[in-house]
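Open the structure in your viewer and keep the selection tool ready. This tour tells you what to pick next.

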Amino acid sequence: MYSDHLQHFNQILNQHEILTDADITAPYCIDQRNRYHGEVFAVLLPNSVTAIQNIMRYCHQHQIPVTPQGGNTGLCGGATPHASINKQGIILSLSKLNRLRNLSYEDNTITVEAGMILANLQAAAREAGRYFPLSLASEGSCQIGGNIACNAGGLNVVRYGTTRDLVLGLEYVLATGELVSHLQPLHKNTSGYEMQQQIIGSEGTLAIITAATLKLFSPPLSILTAWVGIENIQTAIKLLQALKKHFGDRISSFELISAQALNLSASYSHLQIPTQAAWHILLELTDSMPDQNLTDPFISILEQGNWLNTIIAQSATERGHLWTLRENISEAQRHLGASIKHDIAVPIEQVADFVEHSQQQLTQAFPQAQTILFGHLGDGSLHYNVFIADVLNNDVYRYEDGINKIVYESVLNYHGTIAAEHGIGQLKNQWIPRIRTQAEINWMRMQKQVLDPHNILNAGKVLPPQP
Ligand SMILES: Cc1cc2nc3c(=O)[nH]c(=O)nc-3n(C[C@H](O)[C@H](O)[C@H](O)COP(=O)(O)OP(=O)(O)OC[C@H]3O[C@@H](n4cnc5c(N)ncnc54)[C@H](O)[C@@H]3O)c2cc1C
C-alpha cells in the first residue's frame with residue numbers, strides 16, 4: 001500500500017526529497033527531549049508551495065496522517081507523529097521551503113517562507129538595517145513556520161509581544177490542499193472573521209504554514225545589559241515596576257534565574273557566576289537612537305531601591321557572557337538528565353506567591369524533588385522544571401502525573417496558564433478541559449472538523465482526547 005503512495009509522491013517530488021530509509025528518517029521521528037518516538041513510512045521535504053498543495057490533496061483523498069515539522073525544537077511532542085498513527089503517515093518537513101520572498105522598506109516588513117531558520121531571518125533583517133525581535137535559545141535551529149505554529153514567546157516579549165504580534169500576513173495550505181494567501185504588508189485589515197489568527201498557534205492541526213509577512217523594527221543602537229542579584233522574587237517584581245515607570249517600552253528583556261539554574265548553567269558553560277544571590281535578573285534596556293544615556297537613570301533607580309548587587313556589561317564580550325549563562329540553562333539541564341518540565345505563566349503580581357505555594361506543596365509530596373526555575377518574568381512566564389535526584393532518565397516520567405497535578409493546580413489557583421509559550425502538542429492535551437471552557441472546546445472541534453474533516457493534520461495533538 002505504501003508503495004502506491006510513494007509512487008505518487010515520486011511524481012510530485014524529486015527523489016532526494018523523499019526519505020524512507022529508517023536510519024535516515026529516525027531523527028525526524030524523535031522529539032527534542034527524546035521523550036516521544038513516532039513512526040512514518042516517509043519523510044517528505046518539498047521545496048515549493050505547489051508541491052505541498054499536491055501532497056495535501058493526495059493525503060486528504062487517501063486519509064494519510066500528516067505531521068508538519070519545522071526545526072523539531074518544540075518541547076511538547078507536537079512535531080513527532082502520535083503513537084496511534086503507527087507507520088501509516090508521513091512527516092512533512094518545511095526545511096527546504098526557506099526563501100526570502102520580499103523586504104519592504106516602506107512598510108518595514110519582510111516576507112519569508114516557513115522553513116527559514118529564525119537566526120537566518122534575524123540576519124536578513126540585520127543586513128537590511130532593520131531588526132526582527134523574536135529571539136529564543138533555539139533560534140539557530142527553529143523555523144519561523146514553527147514559531148508561528150506555536151506562537152513562540154522568547155526573550156523580548158515584554159517589549160515586542162509574542163510571535164502573533166509580529167505577523168501581518170500569512171500563507172497556508174489547508175488539509176484539502178487549498179491555498180490561502182494574504183501576504184500583503186497591510187498594517188490594518190478589519191474585513192470579517194480573521195482566520196489567520198486561528199492558524200497562528202494551532203500547532204499544525206489546522207493548516208501547513210508556508211510563508212509569512214512579518215513586522216520589522218529599527219535596530220537597537222543603545223543597549224544596556226545588566227545582571228542583578230536579589231534576595232527574592234517580590235523584590236525582582238519591584239525592580240521591574242520601577243524600571244517600567246521610568247523606561248517604559250525600552251525594557252526589552254527581564255529574565256528571572258534561580259541560583260540553582262545559574263549554578264547548573266555556569267558549570268556547564270565554564271563561566272563565572274556574576275553575582276552571589278538566591279535569585280538573579282538579567283535585563284536589557286534598548287533604544288533605537290544611538291548614544292542614549294541609559295546608564296545614569298538606571299543606576300539612580302538601583303540606588304533608590306538598594307539593588308546594588310548589580311553588574312552592568314561594559315563590552316560586547318561581557319554582554320555575551322551574561323546571555324550565554326541564561327541561554328545555556330536549557331542545554332545544561334539536558335546534559336544533567338530528564339526532568340518534568342512546565343512552561344507556565346501567572347499574572348506578574350502573583351508570581352512570588354505561586355512559586356512559594358507550589359514549592360511548599362512539591363517538597364511535601366516529593367522530598368527528593370529539585371526545581372530549576374527560570375524564565376521571562378517581564379511577561380509573567382516561567383520554566384518550572386522538576387528533577388528527581390537519582391532518577392535522571394526517562395523513568396522520571398512515572399512521577400509526572402503527581403508532580404503535574406501539584407504544579408498545574410497551583411498555576412490554575414493563581415489564575416495562570418499551563419501553556420505559556422511552548423504550546424500543547426501531545427504533552428498537555430489532557431489538560432485542555434481545565435484551561436478552556438466546554439464552549440471553547442466545542443468551537444475548537446468544529447474548526448477542526450470544517451478545515452480537516454478526516455483529521456489528517458497532526459492527529460492526537462492539542463485537542464483533548466475524545467472520551
Ligand atoms: C533550548 C531551547 C530553548 C527554547 N526556548 C524557547 C523560548 O524561549 N520560547 C518559546 O516560545 N519556545 C522555546 N523553545 C521551544 C521551541 O524552540 C519553539 O516552540 C519553536 O517555536 C518551535 O519551532 P520549530 O521550527 O522547531 O517547530 P517544531 O518543533 O518542528 O514544531 C512545533 C509545532 O509546530 C508545528 N509546525 C512546525 N512547522 C509548521 C508549519 N510550517 N506549519 C504548520 N505547523 C508547523 C509542528 O507540527 C509542531 O506541532 C525552546 C526550545 C529549546 C530546545
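**Before you start.** This is a predicted model: local features need pLDDT of at least 70, side-chain atom pairs count only at pLDDT 80 or more, and totals for chains, interfaces and linings use all residues. Residues are numbered from 1 along each chain as its sequence is written.

**Stop 1: the domains.** Colour residues 2-93 as domain 1, 100-215 as domain 2, 222-330 as domain 3 and 337-431 as domain 4. These bounds come from an automatic or database domain assignment.

Now show domain 3 and domain 4. Their centres, taken over C-alpha atoms, are 24 Å apart. Here 17 residues of domain 3 are in contact with twelve residues of domain 4. Two residues are in contact if their C-beta atoms, placed from the backbone, lie within 7 Å.

Which elements give two or more residues to the domain 3 side? Select α9 (233-247), β11 (251-258) and α10 (259-269). Helices (H or I, at least four residues) and strands (E, at least two) are DSSP runs, numbered from the N terminus. β11 gives the most, with seven residues. By type, this side has eleven nonpolar residues, five polar and one charged. Ala, Val, Leu, Ile, Met, Phe, Trp, Tyr, Cys and Pro count as nonpolar, Asp, Glu, Lys and Arg as charged, and the others, Gly among them, as polar.

**Stop 2: helix α10.** Stay on α10 and select Ala261, Leu262, Leu264 and Ser265, which are buried. A residue is buried if 20 or more other C-beta atoms lie within 10 Å of its own, exposed if 12 or fewer, and partly exposed in between; C-beta atoms are placed from the backbone. Why do these four sit on the same side of α10? Because they cover an arc of only 165° around the axis, the arc being that of the directions from the helix axis to the C-beta atoms. Their cover includes β11, β12 (279-287), α12 (316-327), α13 (329-336) and β15 (369-376). Just after α10, His270 takes a positive phi of about 55°.

**Stop 3: the ligand.** Select the 37 residues around the ligand. A residue is near a molecule or strand if its C-beta atom, placed from the backbone, lies within 6 Å of it. Gly70, Gly74, Gly78, Gly145 and Gly146 come nearest. The elements giving two or more residues to this shell are β3 (66-69), α5 (144-150) and β9 (207-215). The largest share, five residues, comes from α5. The shell holds 13 nonpolar, 21 polar and three charged residues.

**Stop 4: the core.** The largest nonpolar core has 119 residues. Such a core is a set of buried Ala, Val, Leu, Ile, Met, Phe, Trp, Tyr and Cys residues joined through C-beta atoms within 7 Å. Ile209 is one of those with the most contacts inside it. Beyond four places in sequence, Ile209 is in contact with Ala114, Gly145, Ile148, Ala149, Leu170, Tyr172 and Ile199.

**Stop 5: two loop residues.** Most residues other than glycine have a negative phi. Select Asn72, in the loop between β3 and β4 (90-93). Asn72 has a positive phi of about 60° although it is not a glycine. Is Asn72 buried or exposed? Asn72 is buried, with 22 other C-beta atoms within 10 Å.

Finish at Asp390, in the loop between β16 (381-388) and α15 (400-413). Asp390 has a positive phi of about 75°. Asp390 is exposed, with 9 other C-beta atoms within 10 Å.
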